[in-house]
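This briefing goes through the fold topic by topic, starting with a local detail and moving on to sheets, cores and backbone geometry. Please keep the sequence and the structure in view while reading.

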Amino acid sequence: MEIDPDIRKSIFETHEKWGSPGLLFTSRKPHLHAMLSGCGYETRRSTAYDFSGLSRGTAEFTIFQYTVSGEGSLDYEGRTFKMHAGDAMILHVPHNHRYYLAPDAGHWRHLFFTIFGMEAVRLMREAETTCGPVIHLEPDTPLLQYILSVFTELKHEGMRSRFQASAIAYRFVMLLHESFSDASFSGSPRDRTFIRSVLEFCMKHLADDINVDDIARAAGYSRYHFSRIFHQLYGMPPSKFLVELRLKSAVRILQMECCTIKETAARCGFKDESYFCKVFRKAHGVSPDAFRRAPAGK
C-alpha cells in the first residue's frame with residue numbers, strides 16, 4: 001500500500017492540532033457517542049516504540065492499527081501475535097495488552113485510528129471480542145479505502161467540527177464491522193465477491209424502494225436462484241437481510257442525527273412511517289422516538 005508522503009506529513013500536523021478534541025471543540029453539547037481523537041500514518045524504527053494498555057490512564061478509548069509493511073508485536077492476555085502486512089489490531093484501553101517494535105523487526109509501518117465515545121467503544125469492543133484482537137484485511141477493502149479518503153480530506157480541508165470528527169468515527173466503526181463480517185465469511189473468493197457486491201448495491205440504494213427482485217436483477221440472477229444462493233452463503237433470506245440493514249441504518253440516524261421519524265424512515269427505505277415504527281418496535285422493543293430519547297447505554 002503506497003501513501004502520498006504529503007498526506008503523511010499533513011496528517012501528523014493535523015493530529016497535533018486535534019489529537020485532544022476537547023482543546024479544540026469547546027462545546028460538549030449535544031453529547032456525541034463516537035469521536036475520532038487521532039489518526040495517522042507512520043513508520044517506527046526504534047524499540048522505544050512500546051505501549052502498554054494498562055499504563056495509559058483510566059479513560060476508555062479504542063485503537064485500530066493496520067500494518068502496511070514491516071513487523072510489529074502484540075502481547076495480548078498471555079498470547080503474542082506477530083503483525084505483518086495486512087494485519088490489523090483492534091484494542092481498547094485500559095486493558096492488559098502491549099504492542100511494540102521487537103529488536104529484530106527492523107521497522108513497523110502502519111495506519112492508526114483512535115476513537116472514544118460510549119457507543120463507538122461498545123462497537124469496537126464487540127469487534128475485538130468477536131474476531132480480534134487481530135484480523136487480516138486486504139488493501140482494497142472499503143474500510144482501508146475509507147481511511148485513505150479521510151487522510152486526503154484532512155490534508156486538504158482539516159477537521160472542521162466535532163460533528164465531522166464524530167461522523168468519521170461512526171462511519172469507520174460501521175465499515176470495520178462490515179469488513180470483519182466479510183473477513184470471517186468462509187466462502188470462496190467468488191462467493192465473497194458475490195456477497196460484497198450485494199452489500200454495496202443495497203447500501204447504495206438503501207433509501208430507494210428496492211426489493212429482492214431488484215437485488216437479484218443487479219446480481220444477474222432470477223429471484224429464485226439469487227435467494228437460494230444468498231441464503232446458502234449468508235445464512236438468512238435476502239428479504240430479512242435487507243430489513244436488518246435498513247434498521248441498522250435507522251439506529252445510526254436516530255443516535256447521531258436530528259431527523260424526524262418520517263425523514264429517518266424515508267432515508268432507510270421505509271416509505272410508510274407507520275410500518276417503519278412497527279418493524280422498529282418489533283426489533284428493538286421500543287418505538288423509534290423512545291429509542292432516540294433513551295439515555296446512552298440504556
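Which residue caps the N-terminal end of helix 7? In this predicted model, the cap is Asn 211, which has a side-chain oxygen 3.0 Å from the backbone nitrogen of Asp 213. The chain as a whole has 298 residues, of which 46% count as buried, and its secondary structure comes to 12 helices and 9 strands. Among contacts between residues at least 6 apart in sequence, 71% join residues at least 24 apart.

**Helix 7 and its ends**

- Helix 7 covers residues 212-219, and Val 212, Ile 215 and Ala 216 are buried in it.
- Viewed down the axis of helix 7, the buried residues fall within an arc of 100°, so they line one face of the helix.
- This arrangement can be read against a general rule: an α-helix has 3.6 residues a turn, so residues three or four places apart point the same way.
- Just after helix 7 comes Gly 220, which takes a positive phi of about 85°.

- An open sheet of 5 strands runs in the order 1-8-3-6-9, and its pairing is antiparallel.
- Strand 1 and strand 9 (134-136) stand at the edges with a single partner strand each, so one side of each has no neighbour in the sheet.
- On average, and with direction ignored, neighbouring strands of this sheet are turned by 20° against each other.
- Strand 1 pairs with strand 8 in the antiparallel sense over 9 bridges, and within strand 8 the bridge partner of Cys 39 is Phe 113.
- Helix 4 packs on the sheet, where it touches strand 1, strand 3 and strand 8, and its direction makes about 80° with that of strand 8.

**Strand 6 within that sheet**

- Met 89 of strand 6 stands opposite Gln 65, and the bridge partner of Met 89 in strand 9 is Val 134.

- An open sheet of 4 strands has the order 2-7-4-5, with antiparallel pairing.
- Its edge strands are strand 2 (50-52) and strand 5, each of which pairs on one side only.
- Neighbouring strands of this sheet are turned by 15° against each other on average, direction ignored.
- Strand 4 and strand 5 pair in the antiparallel sense over 5 bridges, and Tyr 76 stands opposite Arg 79 in strand 5.
- His 97 has its place in strand 7 and is buried, with a relative accessible area of 2%.
- Beyond its neighbours within four places in sequence, His 97 is in contact with residues including Phe 51, Ser 52, Leu 74, Tyr 76 and His 92.

**Nonpolar cores**

- The largest nonpolar core holds 37 residues, of which Phe 64, Phe 113, Ile 147 and Phe 172 touch the most other members.
- At least two residues of this core come from each of strand 1 (35-44), strand 3 (61-70), strand 6 (87-93), strand 8 (108-116), helix 3 (118-131), helix 4 (142-157) and helix 5 (162-183).
- A second, separate core of 19 residues includes Leu 199, Leu 206, Ile 229 and Leu 245.
- Not counting residues up to four places away in sequence, Phe 64 touches a set of residues that includes Ile 90, Phe 113, Met 124, Ile 147, Phe 172 and Leu 176.

**Backbone geometry in two loops**

- As background, most residues other than glycine have a negative phi, and most peptide bonds are trans.
- Val 93 and Pro 94 are joined by a cis peptide bond with omega about 0°, and Pro 94 is found in the loop between strand 6 and strand 7 (97-100).
- Glu 77 is not a glycine, yet it has a positive phi of about 50°.
- Glu 77 is found in the loop between strand 4 (72-76) and strand 5 (79-83), and at 48% relative accessibility Glu 77 counts as partly exposed.

Definitions and conventions. Residues numbered from 1 in each chain as written. Predicted model: local features only at pLDDT ≥ 70, side-chain atom pairs only at ≥ 80, totals over all residues. Heavy atoms only, no water. Core = buried A, V, L, I, M, F, W, Y, C linked by side-chain atoms within 4.5 Å. Buried < 20%, exposed > 50% of the residue type's maximum accessible area, 1.4 Å probe, protein only. Contact = heavy atoms within 4.5 Å. Pairing = 2+ DSSP bridges. Axes fitted to C-alpha atoms, helices over the stretch in contact; angles between N-to-C directions. Arc of directions from axis to C-beta. Polar contact = N/O pair within 3.5 Å; in protein donor to acceptor, adjacent residues only side chain to side chain.
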